[in-house]
Amino acid sequence: MIKRNLPFATVFATVAVIALVAAPLLLEPFRLGLLAKYLCYAIVALGIGLAWGQGGMLTLGQGVFFGLGGYAMAMYLKLTEAGGGLPDFMVWSGVERLPALWAPFANPIFALAMAVLGPVAIALLLGALVFRQRVRGAYFAILTQALAAALVILLVGQQGLTGGTNGMTNFFELFGQDLAEDSTQRTLYLVVAVVLGLLYLATRQLVNSRYGRLLVAVRDGEDRVRFLGYDPALVKTVTFAASAGMAGLAGALFVPVVGIISPALLGVVPSLELVVAVAVGGRHALAGAVLGAVVMGYAKTAFSEQFADGWLYLQGALFILVMTLAPKGIVGVLGRWRRARTT
């Protein structure tokens, strides 16, 4: 029996571990793959929870970093499939020679490194330029949203380099393992679950550290922190880069799990959906960000299966209902219920 004075984060972690371990035993391969996809989104949401919930940076363009990680992994998979030749979409587009940009991605270590370091580098550069100018609030949110829109336009316009509107698909093998095999998909699920768990623990440790308290102080009173001799721009830039790295890693895991990456998965709308998921779960709690991503992912699948013509309205109604009745999200509701039981 769980003691009532046990911290919510500990209860959440315990229940999550039990559920994630039991999932491969209880779910059929298709449903397990869907859960793995939700967990990929949860990794992105965890980064948003760090940047927005703890740091006050409303980032509406996490799809950019998610997409960069996804395309890096997809490039490796397509080159592996091509066996030294050109990927199929390049042949269809009339490309005659492999672009120089693609060549290094034949190395899996390079591809995985770029999936994380690429988004981190871009976030560091953007953060250094933006936060030094004290851009924040709605202006920062609009800037990140514009970045997502620009990336989609760039990817769509480079048919021979990125696959254009269709993106990249038809991935058959990862590190010598057949992606169509149930055992491979089960292994991928476990990898995603372990990565999410480790990132959650690391992020929670960061939030509870001195740096985490400084980050919250920047969120609540940036000017006061600056007057105390700290550099809020540096704190925000490092946090923004960390959230970008999480999104890039999530994108790299997403590609072999789902089997596709395209501009439609990383534009403005998907980025907004991730922010909505974090808000539904509870943006001020890391557990809320993870929970919100899984709940919204499941709701999207369930609504689309049962109500093909109106599932978007139901998804929107779910968001409005949670935000109206529970501004602090699902975690806020659970917290009130737990406090009520202890009194």
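Biologist: Where does Arg134 lie?

Modeller: Arg134 lies in the loop between helix 5 (108-131) and helix 6 (138-157). Helices (H or I, at least four residues) and strands (E, at least two) are DSSP runs numbered from the N terminus. This is a predicted model, in which local features need pLDDT of at least 70, side-chain atom pairs count only at pLDDT 80 or more, and totals for chains, interfaces and linings use all residues. Residues are numbered from 1 along each chain as its sequence is written, and side-chain values use heavy atoms, leaving out hydrogens and water.

Biologist: What is the phi of Arg134?

Modeller: Most residues other than glycine have a negative phi. Arg134, however, has a phi near 60 degrees, a positive value in a residue other than glycine. Arg134 is exposed, at 51% relative accessible area; buried means under 20%, exposed over 50% and partly exposed in between, with a 1.4 Å probe and protein chains only. Asn170 also has a positive phi, near 60 degrees. Asn170 sits in the loop between strand 1 (168-169) and strand 2 (173-174), and is partly exposed at 34%.

Biologist: Which residues of helix 8 are buried?

Modeller: An α-helix has 3.6 residues a turn, so residues three or four places apart point the same way. In helix 8, the buried residues include Gln185, Leu188, Val192, Leu196, Leu199 and Thr203. Helix 8 has 26 residues and reaches 37 Å from its first C-alpha to its last, close to the 38 Å expected (1.5 Å times one less than the number of residues).

Biologist: Which residues line the largest cavity?

Modeller: Pro29, Leu32, Asp182, Gln185 and Arg186 line the largest cavity. Two elements give two or more residues to that lining, helix 2 (29-54) and helix 8 (182-207), and helix 8 gives the most, with 3 residues. On a 1 Å grid over the protein atoms alone, a 1.4 Å probe fits in a cavity but cannot get out, while a pocket is an open set with protein on both sides within 12 Å along at least five of seven lines; lining residues have an atom within 4 Å of a point. The search of the whole structure finds 1 cavity of 30 Å³ or more, and about 30 Å³ of space lies in the largest cavity. A volume is the space filled by probe spheres set on the grid points, which are joined across faces, edges and corners.

Biologist: What is the volume of the second largest pocket?

Modeller: The second largest pocket has a volume of about 500 Å³. Of its 23 lining residues, the closest to the centre are Tyr41, Pro270, Glu273, Lys300 and Gln315. Helix 11 gives the largest share of the lining, 7 residues.

Biologist: How many aromatic pairs does the count come to?

Modeller: A pair of aromatic rings is described by the distance of the centres and the angle of the planes. The count comes to 10 aromatic pairs. Rings of Phe, Tyr and Trp (its six-membered ring) pair if their centres lie within 6.5 Å; planes under 30 degrees apart are stacked, over 60 edge-to-face and the rest tilted. Tyr76 and Phe175 form a tilted pair, 5.8 Å centre to centre with 40 degrees between the planes. That pair links distant parts of the chain, 99 residues apart: Tyr76 in helix 3 (residues 62-82) and Phe175 in the loop between strand 2 and strand 3 (177-178). Tyr76 is buried at 8% relative accessible area, whereas Phe175 is partly exposed at 48%. The rings of Phe105 and Phe110 have their centres 5.1 Å apart and their planes at 80 degrees, so that pair is edge-to-face.
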